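Have the sequence and the structure open as you read.

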Amino acid sequence: MGILSPEPLQFFNSQGYLVIESFASSDEIESMMQRMEQLVDEFDPSSTASIFSTKNQQKLTDDYFFDSVERISFFFEEKAFGDDGKLKQPKQLSLNKVGHALHEIEPAFKKFSSSEKVSSLMHSLGYKRPVVMQSMYIFKQPGIGGEVVPHQDNSFLYTEPQTCTGLWLALEDANILNGCLWAIPGSHKNGLVRRFLRDKDGVKFDRPSPSYDQKDFVPIEVKAGSLVVIHGDLIHQSFENQSQKSRHAYSLHVVDTVGCKWAPENWIRRKVEPEPLFQLLISWRG
């Protein structure tokens, strides 16, 4: 099943990330992008004004955000609204992301997310019963596509021991100008810095973010169809989109459910257990 040969697996283990070119076909990309275009066209922006910003994540305490775990919900860019509270441009150019259950609800996204190649990848990374905990369609809009501050995925999707892996699929070319990913190679070896916790008052980090030296980050420029595999402890970020081109991406976060425990204080609290991508069967011989 495993699709990773020893060399790329060794790179992932040493650097904390891996680029797999041409992971998604042009047909898969087209079907996901076309379906998202339809979903956005059908979306009534007056139904919500939920804004997503990685700089102010502790403000994300509304039920719309929490309920998005098992729904398809729409989140606007911080710079999308004028002083009058109205969108400054069409809704299609104002959204930050759509999440967090596309992989369960929408057939085009479900087909890719539960494909044999995704399962094979997780198998080759050593997963025994992996589940997708969240999915996001990220727009990175021209001109207003917001910065994503340095972070580790394990902060948000914590298991004991830690098992989160991010799968970031470029639906369009991603480069320095339009806000590609940046990462500190090897930073996953230094462990988890902080956690994002949910309690009765909302969500918060358990400690402030360290400051990072920008010269330690390297850009991960990729062509559409490339998959970036991200270790849960890798420190990564992206800057604002300063170009006139969007940078659409589809992101999945996977955790294991065998030999580890989902932390109850995570922000994600599902009513229904997610379906595993696969389950390894262990045979015992007496």
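## Strand S12

Buried here means under 20% relative accessible area, with exposed over 50% and partly exposed in between (1.4 Å probe, protein chains only). Strands (E, at least two residues) and helices (H or I, at least four) are DSSP runs, numbered from the N terminus.

S12 has an antiparallel partner in strand S1 (residues 17-20), over 4 bridges; two strands pair if DSSP finds at least two bridges between them. Ile-20 has Leu-227 of S12 as its bridge partner. Strand S7 (residues 165-170) also pairs with S12 in the antiparallel sense, over 5 bridges, and there Thr-165 stands opposite His-231.

## What the model is

This is a predicted model, where local features need pLDDT of at least 70 and side-chain atom pairs count only at pLDDT 80 or more, while totals for chains, interfaces and linings use all residues. Residues are numbered from 1 along each chain as its sequence is written, and side-chain values use heavy atoms, leaving out hydrogens and water.

## Helix H6

Helix H6 spans residues 116-124, and its buried residues are Val-118, Ser-119, Ser-120, Leu-121, Met-122 and Ser-124. After H6 comes Gly-126, with a positive phi near 95°.

## Cysteines

Taking a disulfide as a pair of cysteine sulfur atoms within 2.5 Å, the count is 0. The sulfur of Cys-164 has its closest cysteine sulfur in Cys-260, 11 Å away, which is too far for a bond. Cys-164 is buried at 3% relative accessible area, and Cys-260 also counts as buried, at 16%.
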